[in-house]
Each structure stands twice: as structure tokens, then as C-alpha cells.
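Please keep the sequence and the structure in view while reading.

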Amino acid sequence: MKLIVLSTLLFALTFTQLPAQESSPDTWYRGNTHTHSLWSDGNDFPEMITQWYLKNGYDFMALSDHNILADSERWVSIDSLSKGKKSKEGEITGAMDKYLARYAGTNWVETRDNNGKKEVRLKKLEEYRSLFEKRNKFLIIKAEEITTKFEKKEVHINAVNIQSVIPPLVGKTLRETMRLNLQAVAEQEKSTGEPILAHLNHPNFRWSITAEDLAHVIEEKFFEVYNGHPGINHQGDKTRPGDEKLWDIANTIRLAELKQPPLFAVASDDSHNYHGGKGSPGRGWIMVRAKGLDPKSLITSMRKGDFYASSGIYLNQISWDKKTRKITLVIQADDTNTFTSELIGTRKNYQADAEKGKTGIGEILASKQGKSITFMVPNNVLYARITITSSADHHNPSYQGQKKQAWTQPVGWQ
Ligand SMILES: [Zn+2]
Ligand SMILES: [Zn+2]
């Protein structure tokens, strides 16, 4: 219900306030593109997870298990699910009990005895999607987290809207490993004619991917500026930049040195734990302004940068006027919280000398308080983007002191 009101409100505001060039009946859709289930290392059944996202106001989701699609016959041991087995985080996984309760009185749940071992069959996407999907209301997108390593560096790339599994590849270097997997995604897109959104995940996980790596693998168009898993070093450390700073460094290198477009950023859950525990759902998502709720429309909009990443803030309006270099946003807000919007960018005369600490990369160009914000993007910047931070604490923080935020895509670079 809330969602319907929200979409209507967004729709109305979008159309009354946007400049005339936006004449199509686009609307905003909320989605999470990074989720794990029992098909890999998540601890719940796909139907239960899908139900969670449907109930919690999402319009679309992608179950993105590691190197697998939910399209084969697969049985898992019930023992590992229902006996209150403790996971690493000390949680008790009651997945089987909840699953049985959810589908009590039906014959949906399939179990078997496999040489004395009780097993349950995981449903394929094609079996369960019709229970949840509804035209223009809720969409499940087929996805995989292509998961590989170069030496000790983790390379995880989400491929969203794939038609068949993409086996992970390893190259002779880290960057070649990133590139080979992205090329495999591009090849499938070409051969099937179906667009695939590829985003590079959690670059700071095990300190695997630097800003320079992100910048130089130009096949990469999207990356996670926020991932809700607590173990991914989102904030960086004393010597290494956090995800947001990585974005600015990578975009500066792309625009100033490589003459390539900047990366766009997504936020996601990377949820694994659905019964308590660290990697829980609902922390990060994207809001996409699209012509319809289908993979092609969503991906087309994202490739144009017509979306933003969020960990709790919604925007009623966002518009960018190339000619006047004016960027305007209206934050959806109650009266109890305050909002700080920072225009962040790199000036063309930034100090690129590593010895001097690369000063001026991703600097705060302007900062404003309030719900309706307009910034003029200066002419002398490579790009500018906005980070909005609420005074409200995050509803389900993945790190200490986390506030609700939203991140808009870089503009002023074309
Ligand atoms: Zn990952
Ligand atoms: Zn993941």
C-alpha cells in the first residue's frame, strides 16, 4: 500500500516538475540486484527471500547466487537447516521450520530420504516466479554473481538478466581476470540480444580491487558504492580509501587520463542471512526511472545514468540540465530529520601527483541543507555528483554510526 502511494507521489512530482524533454511516462522502480539463497551460501529458500522483498516495498529483485542459476535439480540436507545449527555468526537457522510453516497445508515443499539423510528440493526460478511476479508490480530478474579470484584478490561481478550461467574465468593478471568475465557477459548479451547489467561488487572485500584497477578496466560500467554486507570494508581504513572515495579516484582517472566515461554506482544488499546475523536484507538498493518494469527498460535507464543508489533516502525529483549545468533534487522527507547534500567532484586542475597525495580528487565543491536543493556544477570540473546524508541513523546498519544516504550519478562530464 505504502508503495503504491509512493509511486503515485513520485510519478506526480516527476511529471509536474521535470523539464519538458522528459515526456515519456517513466516511473521510479526500487530494486535489489544482489541477493544470495540456499542455491549458494545464503541461508533461506528463494521463495522465502522473494516474499521478503515483495513485502518490503521492492519492485524488482535479482537472486544472484555464486556461479549458479536456479535451473537444475538440487536437493539440500534438511539437517543443516532445521536443527538449530549455529552459523559462524552464532545465529540459529530455522529455515526449514519457517518454510514448512509458510507452505503448511499444501504440497509445495518436497522432501525425500536419501540413504537415511532427509533432503529438501530447492525450487527452480521457473517453478516459483509465477507465485510472485505481477506485470508492472513485481519482477524477478535472473542473475548470477560471477565469483572468481586472481591469486588472493576476489573478483565478484553480478551479471543481471543473464539467460544461462557464465562460468567464471581467470586471467594472467587481476585486471585481465576482471576484463575476461566482463567480456563473457558482453558476449552473452550479443548472442542472446538480451541486455545484461554487470556490476563489480565490493572492491574493498579482502582489499582486492584498487581505484586504479576499477578505472583501467573500462569494460566495467557499474560498481557497488555501497554493499550491505558488514565484511566488505566499506569505509576503507587508515591507509586505504572507502568505496565512495574509490569511485572518485576511479572516475578522475577515467576522465582525466583515459578519456573514458565515469563509472555509475549501485547500492545493494548482498544478503546471506535471513534469520538474524550479519548479512541481512534491506540495507541498500537502487531507484531506477524507467518506462516499464522489465529488464530491458531498467537496464536501458541505468546505462543512461537515470537511477540513484540508496541506503534509506528517497528522492521525489532529480533533474540535470546540461545547458545551464543546474542539478536539482527534492528529497522525500518527514520533518524530524535534516538532510545534508554535498556536491562532490574533481576540478580539472586537481593535483594528480601521487607523492603529494592526489589532492583535490572528489572534493566537496558545495554543501547545502534542506529538502529542495539546487547546485550549479562549475565549468572547471571533470564531473560532479551528489551524496545526500540524513541525520537519521540507518534502520539496519552495516557499520557503526551509519546514517541513511543516497548517491546520484556523476554529471557534467559529457
Ligand atoms: Zn561477492
Ligand atoms: Zn554476494
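A residue is called buried here if 20 or more other C-beta atoms lie within 10 Å of its own C-beta atom, exposed if 12 or fewer do, and partly exposed in between. The model under discussion is a predicted one. With 30 C-beta neighbours inside 10 Å, Asp 270 therefore counts as buried. Asp 270 lies in the loop that runs between β10 (264–268) and β11 (285–290).

The backbone of Asp 270 also deserves attention. Most residues other than glycine have a negative phi. Asp 270, a residue other than glycine, has a positive phi near 50°. A positive phi of about 85° is likewise found at Asn 161, which is not a glycine. Asn 161 is placed in the loop between β7 (153–160) and α6 (174–192). Is Asn 161 buried or exposed? Asn 161 counts as buried, because 22 C-beta neighbours are found inside 10 Å.

These two residues belong to a wider picture. The protein has 414 residues, of which buried residues make up 43%. Its secondary structure comprises 9 helices and 19 strands. Among the contacts with a separation of 6 or more, 66% are accounted for by residues 24 or more positions apart. One pair that is separated in sequence consists of Lys 98 and Asp 44, which are 54 residues apart along the chain and 9.4 Å apart in space, C-alpha to C-alpha. Lys 98 is part of helix α4 (residues 95–102). Because 17 other C-beta atoms lie within 10 Å of Lys 98, this residue is partly exposed.

Attention may now turn to a pair of helices. The axes of helix α2 (residues 46–55) and helix α5 (residues 125–132) come within 10 Å and cross at roughly 30°. Angles under 35 degrees count as roughly parallel, and α2 and α5 are therefore roughly parallel to each other. Their crossing is right-handed. On the side of α2, the contact is made by Pro 46, Glu 47, Thr 50 and Leu 54, and on the side of α5 by Tyr 128, Leu 131 and Phe 132.

The strands come next. Strands of a sheet pair through backbone hydrogen bonds, either parallel or antiparallel. In one open sheet, 3 strands follow the order β3-β5-β4, with antiparallel pairing. Which strands of this sheet stand at the edges? They are β3 (75–77) and β4 (111–114); each has a single partner strand, so one side of each is left without a neighbour in the sheet. On average, neighbouring strands of this sheet are turned by 40° against each other, direction ignored. Strand β3 is joined to strand β5 (residues 117–121) by 3 bridges, and the two run antiparallel. Val 76 has Val 120 in β5 as its bridge partner.

Another open sheet of 3 strands has the order β13-β14-β17, and here too the pairing is antiparallel. Opposite Ile 318 stands Leu 329 in β14.

Terms used
Residues are numbered from 1 along each chain as its sequence is written. Chains are lettered from A and ligands numbered from 1 in the order in which they are written. This is a predicted model: local features need pLDDT of at least 70, side-chain atom pairs count only at pLDDT 80 or more; totals for chains, interfaces and linings use all residues. Axes are lines fitted to C-alpha atoms, for helices over the stretch in contact, and angles run from 0 to 180 degrees between N-to-C directions. Helices (H or I, at least four residues) and strands (E, at least two) are DSSP runs, numbered from the N terminus. Angles under 35 degrees count as roughly parallel, over 145 as roughly antiparallel, 65 to 115 as roughly perpendicular and the rest as oblique. A crossing is left-handed if the near helix is turned anticlockwise from the far one by less than a right angle, and right-handed if clockwise. Two residues are in contact if their C-beta atoms, placed from the backbone, lie within 7 Å. Two strands pair if DSSP finds at least two bridges between them.
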